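Please examine the sequence and the model shown below before reading on.

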Amino acid sequence: MNGPADTAAPAEPGAPPADLEWDRAVELIRGAREICLACHVAPDGDALGSMLALGQALRACGKRCVASFGEPFGVPAILRFLPGQELLVEPSRVPRAPELMISLDAAGRARLGSLAGAADRAGALIVIDHHASNTGFGGVRLVDPAAAATAVLVEELIRRLGVPLDRDIAQGLYAGLASDTGSFKYPCTTPEVHDLAGRLLTAGVRPETVSRELWDRAPFGYLQVLASALARARLERDAAGGRGLVWTAIARADRRGLPYEQLEGIIDQLRRTDEAEVAVVCKETDDGHWYFSVRSKGRIDLSRVCAALDGGGHREMAGFVWAGPVDEALDRLRALLPAEH
Ligand code: MN
């Protein structure tokens with residue numbers, strides 16, 4: 001939502017109310033000389049796009065500004081087209097106790113990874129987020145679970161700071177908006193989302209460029225990994241009270257050298273399965289943990305299911321990390337899916 005909080009309808013029934021301290025946030029930013037931005041680990045289009053857009057706007061206000069995210073520190077290949085990469089510094093170069101820190105798109109301090117300590121020690125911490133599972137951390141909060149993306153909140157903040165949208169700022173915001181609405185397909189795609197997209201196009205964003213970078217290109221090796229992951233997929237029609245579960249697992253060896261981050265889009269193929277309400281892709285990270293990407297078609301609230309496994313996310317799109325065997329995590333997940341409907 002980009003309008004006042006009191007006109008913003010909740011994105012989903014039972015979503016927590018918005019917590020929007022715009023005036024305090026603007027005052028803190030105006031008073032700061034140096035600002036550190038951090039987004040969640042393994043950043044997606046919304047996390048990195050929102051962060052780089054805000055960083056460029058803060059520099060336009062004359063602020064010294066750096067941006068980072070916790071290890072592993074490396075910009076995913078599909079996000080390297082985003083303007084403002086010169087703001088990025090290794091997490092080890094973020095001041096130990098920043099004067100002002102702004103956390104973006106992180107539902108909890110743990111999602112900041114190795115930068116969580118700097119957030120704890122910061123003179124002030126502003127949290128900008130839209131996850132229903134947000135833990136309530138941060139001294140000054142711009143948190144609205146009804147917002148389609150963190151980019152929506154960042155655009156309002158930039159407007160309140162009086163910085164005009166140039167093409168580079170708009171490109172980051174558009175990448176965030178397009179990512180978190182599934183390219184304007186998810187139910188969070190409100191009229192306000194399209195209004196904002198329109199303003200970003202007016203500022204010079206080329207939608208075909210952003211779409212091609214985010215979704216329509218991949219190395220040939222990706223197609224081979226995708227093919228084998230789909231060939232191994234299992235459909236469990238009786239799971240989730242007969243609504244169905246489809247899942248696949250991709251171990252490190254199955255990646256054949258493809259970087260972990262390149263597996264991002266596989267869930268979007270798997271979740272097309274008509275016979276399954278829930279889709280899961282289990283992906284082994286380079287350090288041997290398993291990351292579970294979980295999607296539903298709206299009849300099961302995955303933010304609750306994944307929170308019970310120490311993860312989180314949104315109703316239809318959530319995840320969690322697992323240190324043990326995949327089968328054990330799948331058993332836990334099956335047991336958490338509602339048996340009746
Ligand atoms: Mn987001």
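What pLDDT does the chain average? The model is predicted, with local features needing pLDDT of at least 70, side-chain atom pairs counting only at pLDDT 80 or more, and totals for chains, interfaces and linings using all residues. Residues are numbered from 1 along each chain as its sequence is written, and side-chain values use heavy atoms, leaving out hydrogens and water. The chain averages a pLDDT (the predictor's confidence in each residue, from 0 to 100) of 93, and 95% of the residues score at least 70. Over residues 1-11, however, the pLDDT is below 50. Where pLDDT is low, the predicted coordinates should not be read in detail.

**Strand E9**

Strands are DSSP runs of at least two residues, numbered from the N terminus.

Two strands pair if DSSP finds at least two bridges between them.

| Partner of E9 | Sense | Bridges |
|---|---|---|
| E8 (residues 245-250) | parallel | six bridges |
| E10 (residues 290-296) | antiparallel | seven bridges |

Lys283 in E9 is the bridge partner of Ile250, and Phe292 in E10 is that of Cys282. The hairpin of E9 and E10 has five residues between the strands, and Gly288 there takes a positive phi near 85°.

Key:
Contact means heavy atoms within 4.5 Å. Helices (H or I, at least four residues) and strands (E, at least two) are DSSP runs, numbered from the N terminus.
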